[in-house]
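Here are a few notes to read with the structure open beside you. Take them one at a time and find each residue as you go.

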Amino acid sequence: MMGEYMNNYITIEPILELLNYFIKFEPISLGELLTFLSSIILLVITWKSVSNAKEANLITKQSQQLQSEQFKLSIKPELIFDIPPIKYTDKENNKSKVNSLIKPDHIYYIKNLSKNTCYNISATTFIYLQDEGWDKYYLFLNNEFGKEKARPNIVSYRETHALHTTNKLECTIPFYFLNFNVIAYDGTINSPRLYVFLKYEDKSNNIYEECFELKQIGKVFGKFNDDIELHFSPILREKDEIRIKLYEQKKKLESEFPNKQEVFYYNV
């Protein structure tokens, strides 16, 4: 029984003989071994050096970019909004009398708080209503006053060559914002929004383009019970997103009043 098992058992010796027939194993000298090992070590050192050089180059570029950004920030003008509240009376807060509510454009200011002069600054102020808001406004004019739809002025533009700490840029909010705000008081139309696009340069001719929403922070009653004040807080917005909304409004207004001149958006 044991003999049969041994006969069926395959030994490894024939396999080794077959490998020796095809592959010649020859001894190598110590010098050859050291040469081989030296080549491997040199390859590792070379790879490590290249890797370190790439890392150092990346760090250098990041450092240069950071220095560039820090320099740009150091020469960037620091601008702020100075927006006095819009004031009107409780009696004027009546949509049925809004047709006779005529006030001048509301003045506000842009100031430069830094010593870095602001060059070629322009400010474009927009009133914005959604499409539904314009449709409701036209319907209100017809129902309340029997008037056909009209296109009010919704844009104002101001610019100056240089803005220092000693002067300020006088801007305006079109007076129709107040009219819209009164009509929107009870939801007759959508509440209007105000956007300001600023474009200016620093002393190195770097150009900045920023968009702010002048966010209305509610009606505040003044010293007397019949006084109402609208206060605003500037909030930085994503300019491309707002630009798309404003140009959609421009397209709607121009299509509905084809006989009027185009709505000028200036530097937006």
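1. Start at Y108. Setting aside neighbours within four places in sequence, Y108 is in contact (heavy atoms within 4.5 Å) with F81, D82, I83, P84, T125, L169, E170, C171, T172, I173, V196 and L214.

2. Before going on, a word on what you're looking at: this is a predicted model, where local features need pLDDT of at least 70 and side-chain atom pairs count only at pLDDT 80 or more, while totals for chains, interfaces and linings use all residues. Residues are numbered from 1 along each chain as its sequence is written, and side-chain values use heavy atoms, with hydrogens and water left out.

3. Y108 also turns up in the largest nonpolar core, where Y108, F81, I110 and L214 have the most contacts inside the core. That core has 53 residues. A nonpolar core here is a set of buried Ala, Val, Leu, Ile, Met, Phe, Trp, Tyr and Cys residues joined through side-chain atoms within 4.5 Å, and buried means under 20% relative accessible area (1.4 Å probe, protein chains only). In soluble globular proteins, nonpolar side chains tend to be buried together.

4. Now the open spaces. On a 1 Å grid over the protein atoms alone, a pocket is an open set of points with protein on both sides within 12 Å along at least five of seven lines, a cavity is a set where a 1.4 Å probe fits but cannot get out, and lining residues have an atom within 4 Å of a point. The largest pocket holds about 290 Å³ of space. Its lining has 18 residues, and S191, P192, R193, E213 and K215 lie nearest the centre.

5. Which element gives the most to the lining of the largest pocket? It's β8, with 5 residues. α5 (176-183), β7 (193-201) and β8 (207-221) each supply at least two.

6. The second largest pocket has about 200 Å³ of space.

Notes: Points joined across faces, edges and corners; volume = space filled by probe spheres on them. Helix = DSSP H or I, 4+ residues; strand = E, 2+ residues; numbered from the N terminus. Buried < 20%, exposed > 50% of the residue type's maximum accessible area, 1.4 Å probe, protein only.
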